[in-house]
Amino acid sequence: MTGSGLSIRQLELADMDAAARVHRAAFDHALPWLRGLHTPDEDRWFYRERMFRECQVHGAFEDDALAAIIAFRSGWIDQLYVLPQAQGGGVGSELLDLAKRAFDRLQLWTFQRNLRARRFYEARGFARVEETDGAGNEEKEPDARYLWTRVSPAGSIGRSATRQFSLARLRPGDTRNGNILGGWPILVFAMPQLDKRLFEKPITCHADQNGHCK
């Protein structure tokens, strides 16, 4: 039971039809210009065959009726929908916290025109790191990718932050870069909000004999 009087639990296959209905009701309310994109049968198939199999799906219930859902997997939030009448009571934040407790780093996509969703994620620590013209999504609607990374306590480095460091040590007497660095470590910190390419794949540098990356 949550502070808002809702109960939250992981959903089972038998709950997927209800999850599909919550998805469609919330989606059509937030994005009415995309209403009717899928039939109810298509929504039910999507939740049974895709979301249930590929994600952890959790739901918030009010008086045994499903009011909100979240589907997440390693590093990604795929779905987060709250029925219009249940919005503003904190249930979306509680579901989002489930995913935050499970992972140190999360990404998600939302549509650029969904300003309420964007404000919701930005207020909860997500940073916009990419925008597209929508050519790559089914709706052909301009979208935005958001990233959240756990903030470590002062004076320590969390697991997600550690993965963003690249550390190398030059051997004493190494003549690369005129031996300016000697035996000191070279530390590179990749800040994903500065360049989206930095967290798409690891950065590697193979130095030639003059110390230049090639």
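A residue is called buried under 20% relative accessible area, exposed over 50% and partly exposed in between, with a 1.4 Å probe and protein chains only. By this criterion, Phe72 and Phe103 are buried. The model is predicted, so local features need pLDDT of at least 70 and side-chain atom pairs count only at pLDDT 80 or more, while totals for chains, interfaces and linings use all residues. Residues are numbered from 1 along each chain as its sequence is written, and side-chain values use heavy atoms, without hydrogens and water.

The structure holds six aromatic pairs. Rings of Phe, Tyr and Trp (its six-membered ring) pair if their centres lie within 6.5 Å; planes under 30 degrees apart are stacked, over 60 edge-to-face, and the rest tilted. Phe27 and Tyr81 have ring centres 6.5 Å apart and planes at 55°, so the pair is tilted. Phe27 belongs to helix H1 and Tyr81 to strand E4, so the pair ties together parts 54 residues apart in sequence. Helices (H or I, at least four residues) and strands (E, at least two) are DSSP runs, numbered from the N terminus. Phe27 is buried at 4% relative accessibility. Tyr81 is buried at 17%.

The rings of Phe72 and Phe103 have centres 6.2 Å apart and planes at 85°, so this pair is edge-to-face. Phe72 lies in strand E3 (residues 65–73) and Phe103 in the loop between H3 and E5, 31 residues apart. Elsewhere, ring pairs link Phe120, Tyr121, Phe126 and Trp148 into a cluster.

Charges also sit over rings (NZ of Lys or CZ of Arg within 6 Å of the ring centre and within 35 degrees of the ring normal). Arg24 lies over the face of Phe27, 5.0 Å from the ring centre. The charged end of Arg113 is over the ring of Trp33, at 4.1 Å from its centre.
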